Amino acid sequence: MSVDYKDTLRLPRTDFPMKAGLPQKEPLLLERWEKIGLEARLRKESKGREKFILHDGPPYANGHLHIGHALNKILKDVINRSQQMMGKDAHYVPGWDCHGLPIEWKIEEKYRAAGKDKDEVPIIEFRKECREFAAHWIDVQREEFKRLGIAGDWENPYTTMAYAAEAQIAREIGKFLMNGGLFKGSKPVMWSVVEKTALAEAEVEYHDHTSTTVHVRFPVATASQPALEGAGVVIWTTTPWTMPGNRAVAYGEDIDYVVEQVTTHTDECALKEGDRFVVARTLLDAYREATGVAASENVATLKGVDLAGTVCRHPLNGKGYDFDVRLLPGDFVSDEDGTGFVHIAPGHGADDYVLGMANGVEVPQTVGEDGSYYDHVPLFAGLTVYTPEGKTGPANKAVVEALREAGNLMASGKLRHSYPHSWRSKAPLIFRNTAQWFISMETNDLRGKALAAIDETKFYPPAGRTRLYSMIEQRPDWCISRQRAWGVPIPVFVEKASGEPLRDQDVVDRIAEAFEAEGADAWFARDPAEFLGPDRNPDDYEQVTDVVDVWFDSGSTHAFVLEARKDLQWPATLYLEGSDQHRGWFHSSLLESCGTRGRAPYEGVLTHGFILSEDNRKMSKSMGNDLSPIDISNQSGAETLRLWVVSSTYTEDLTFGPEIIKRLIDVYRRLRNTMRYLLGNLNEFDDSERVQPAEMPELERWALHRLWELDALVRHNCGEYDFQRIFRELHDFCAVDLSAFYFDIRKDSLYCDAVGDIRRRAVRTVLNELFSCLTAWLAPILCFTAEEAWLIRNPGDEESVHLRTFPEVPASWRNDELAAKWENIRRVRRVVTGALEVERAEKRIGSSLQAAPKVYVTADYKAALEGLDLAEIAITSDVELIEGDVPEGAFTLEDVPGVGVVPAPAEGEKCERCWRILPEVGANAEAPGTCVRCADAVVAIHAAAK
């Protein structure tokens with residue numbers, strides 16, 4: 001009869017459950033951290049350490065979190081936690097952007113639903129509602145961020161609507177006012193007819209839009225070349241409504257142009273036989289096809305430079321547009337599409353404006369803030385380009401018909417193309433000339449300072465530098481004014497007599513003091529005389545009512561957060577946001593700081609990508625494929641999201657969806673099982689069991705070497721913010737090096753060796769080190785699970801894995817020679833286990849312990865295995881190691897030449913305790929049915945029990 005030796009085995013024992021129950025466990029750990037004051041303790045214990053300051057780019061306080069918020073904040077959290085555990089003081093202050101269109105739009109929506117006109121509501125009352133709306137969503141988002149495990153100073157966040165913040169924003173505007181960088185100018189800007197305000201580039205998104213296209217003839221009035229006499233220069237545009245604002249035509253100096261004369265044409269063609277037209281040579285065929293010109297003969301071929309001095313008439317000449325239209329060289333003109341000419345309306349385009357200003361061309365005012373032509377515009381007064389609802393107005397059609405009647409419409413059509421839209425109202429935008437407040441890129445050499453600052457900044461990934469540099473290099477002056485109500489007002493007075501802004505530091509200071517006490521509402525509530533002081537007559541000044549661009553708000557956060565708080569530092573170590581912030585927060589912060597302090601407010605910039613669904617479509621509510629991070633946390637745990645962030649190449653666009661969540665749950669289970677194995681086999685471990693590395697078997701010293709390697713890798717990649725590499729290495733270490741190799745081999749020793757056996761003690765010593773390192777290395781990533789595991793062995797209110805730093809791994813653990821040796825041993829083991837898998841599949845064996853294979857190896861492999869038990873390593877009952885050629889028919893692996901395995905059954909009886917099959921089983925009557933090793937262990941246990 002067999003004997004049950006189960007009670008003599010040292011089987012794993014732990015309270016760390018296999019089933020995580022993360023949706024229930026995570027909130028309990030969050031409560032625990034609140035209870036023990038974890039954040040305050042971290043700050044207290046970190047005093048005096050090197051600071052690591054990741055300055056939070058503020059999200060808008062206007063709704064529940066989406067998956068993009070989760071990516072952003074989790075990545076920040078992993079970085080902060082890892083830097084903290086590397087021995088730094090990583091004080092993270094979260095923030096919120098509270099002003100601007102997104103929040104104002106929500107309040108206006110409420111008014112519209114109630115049939116209320118926003119313009120009839122007192123501005124202080126309207127701003128109060130905006131403030132209350134933002135405050136509500138700050139509270140909601142704060143709890144949602146905390147649910148994701150985001151650590152930070154949640155009790156003392158920053159908001160752009162705090163009185164102190166609004167006061168500092170006013171001071172920052174004042175700095176540009178006083179240094180001459182701020183000026184009022186009239187330039188074409190992106191304008192939303194729906195929101196009736198200028199928009200920053202970062203507030204613009206591009207969608208497909210169908211536009212009316214026209215080919216328009218500009219009759220030549222003064223020819224620079226004889227061939228141009230009587231010809232018509234032809235332009236092509238997708239914005240016919242801009243034709244009333246036309247004042248010039250641009251050509252490319254290096255482009256080849258042809259003067260052609262019509263010889264035959266279709267019945268529908270607007271051109272007649274003998275008419276001359278000028279287009280780029282490469283676009284001639286396309287033009288003839290578009291206009292119905294069947295054939296034409298070449299009159300002349302000219303270089304663009306030959307067109308200098310040519311003057312045309314406006315296509316609507318004689319109908320109120322009786323002025324010269326000069327041909328001007330433009331470096332933005334190409335011959336890739338259109339006609340090779342560009343019609344220039346200086347009030348409706350950035351390139352148009354720059355070219356017009358450089359050549360003294362008038363910048364006409366044609367379209368008002370409501371999207372309609374001004375009353376002074378001939379033929380089209382009052383017609384709308386886009387209605388206040390964002391619909392196409394009658395302007396385009398009217399212009400096309402007027403051009404047709406004038407005989408200068410050569411062709412018209414439709415084109416579906418990418419077009420700028422408001423990211424809030426989704427309505428198409430227009431470029432319109434309007435008076436705005438700008439910060440000059442040239443005054444005080446702001447552009448040069450910003451470009452120099454970029455060169456001194458480290459970018460992750462490096463391509464971010466090129467992107468930001470090119471944007472700063474080419475950008476126009478910064479338009480900072482918005483015609484809205486909810487924001488920090490531009491606190492400037494304009495002298496009526498001169499039209500110049502009042503530059504007086506005392507006035508700036510008085511305004512800032514008022515904002516500090518009452519918030520920016522003071523600008524609208526107080527008598528202007530209080531700001532101007534006793535020596536000025538308020539009637540001599542106009543008070544600016546525009547609010548400042550929200551990107552100036554957030555671009556100033558470094559001033560009222562990093563500089564203002566003693567527990568932080570300026571500049572920040574790192575700014576981190578999505579890649580769209582090269583034109584947003586990174587950009588505005590750079591300009592604001594360089595314009596007031598001469599350098600960037602950050603030392604490094606890290607960008608992450610956007611999130612796509614599993615079918616590579618953009619994730620959004622409108623497409624119905626968005627996923628709530630809070631719903632996912634409540635279903636699968638926030639750890640799932642945290643794993644997704646670190647397992648992804650987050651510097652590129654990321655995919656996310658239900659199938660990815662399933663895979664991540666499997667990945668999490670593997671990591672959790674590693675922790676459970678460690679905890680189960682470290683039950684009742686204490687320091688008296690420790691074994692010094694010199695006394696350990698080779699396999700344990702190999703494991704310590706791997707810890708040394710991983711420690712160096714983790715520290716280096718934390719410094720480079722490459723958590724995907726850290727995750728991949730730690731996951732593979734747990735799954736391959738530990739579970740499939742080291743744990744697999746050492747289960748037998750842990751369960752079956754005598755308690756005091758040196759090998760078992762060495763294994764447990766290594767497991768203790770593994771536990772110490774893995775809980776620390778995984779804590780920034782799996783913040784809940786690492787804490788749960790740590791508390792199993794370290795209970796008590798004073799304990800938290802997050803109060804630790806990464807363990808110092810002794811350099812003496814490094815052993816490159818041993819590591820190389822064990823690489824060869826693992827190759828041999830792989831061939832053996834491969835051969836046994838075949839035997840198991842063929843049902844010749846059930847367990848590898850039923851085998852005692854013959855293993856043929858070269859001299860190098862045999863030398864590596866000298867003094868080691870290959871049966872123990874391969875988990876067989878015995879092995880016959882033979883140096884020599886691999887016999888025919890032996891199992892081999894192509895990538896491990898020189899090793900072959902001939903399977904053979906193990907001889908002897910099965911040990912009832914360890915299940916090895918050995919001839920010695922049964923030799924000790926005090927422990928029937930056991931091998932010598934197990935018999936000794938059983939006898940010792942029985943003796944101890946007496």
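What share of the contacts in the protein chain with a separation of 6 or more comes from residues 24 or more positions apart? Such residues account for 77% of those contacts, where contact means heavy atoms within 4.5 Å. The model is predicted: local features need pLDDT of at least 70, side-chain atom pairs count only at pLDDT 80 or more, and totals for chains, interfaces and linings use all residues. Residues are numbered from 1 along each chain as its sequence is written, and side-chain values use heavy atoms, with hydrogens and water left out.

**Overall form**
- The protein chain contains 28 helices and 31 strands, taken as DSSP runs (helices H or I, at least four residues; strands E, at least two) and numbered from the N terminus.
- Its radius of gyration, taken over C-alpha atoms, is 38 Å, well over the 30 Å that the globule rule gives for 946 residues, so the chain is more spread out than a compact globule. The globule rule is 2.2 Å times the number of residues to the power 0.38.
- The C-alpha trace spans about 120 × 75 × 50 Å along its principal axes.

**Burial**
- Of the 946 residues, 56% count as buried, that is, under 20% relative accessible area (1.4 Å probe, protein chains only).

**Thr674**
- Thr674 lies in helix H20, which covers residues 658–681.
- Thr674 counts as buried because its relative accessibility is 2%.
- Neighbours within four places in sequence aside, Thr674 is in contact with Cys734, Leu738, Ser739, Phe743 and Leu774.

Technical notes. Buried < 20%, exposed > 50% of the residue type's maximum accessible area, 1.4 Å probe, protein only.
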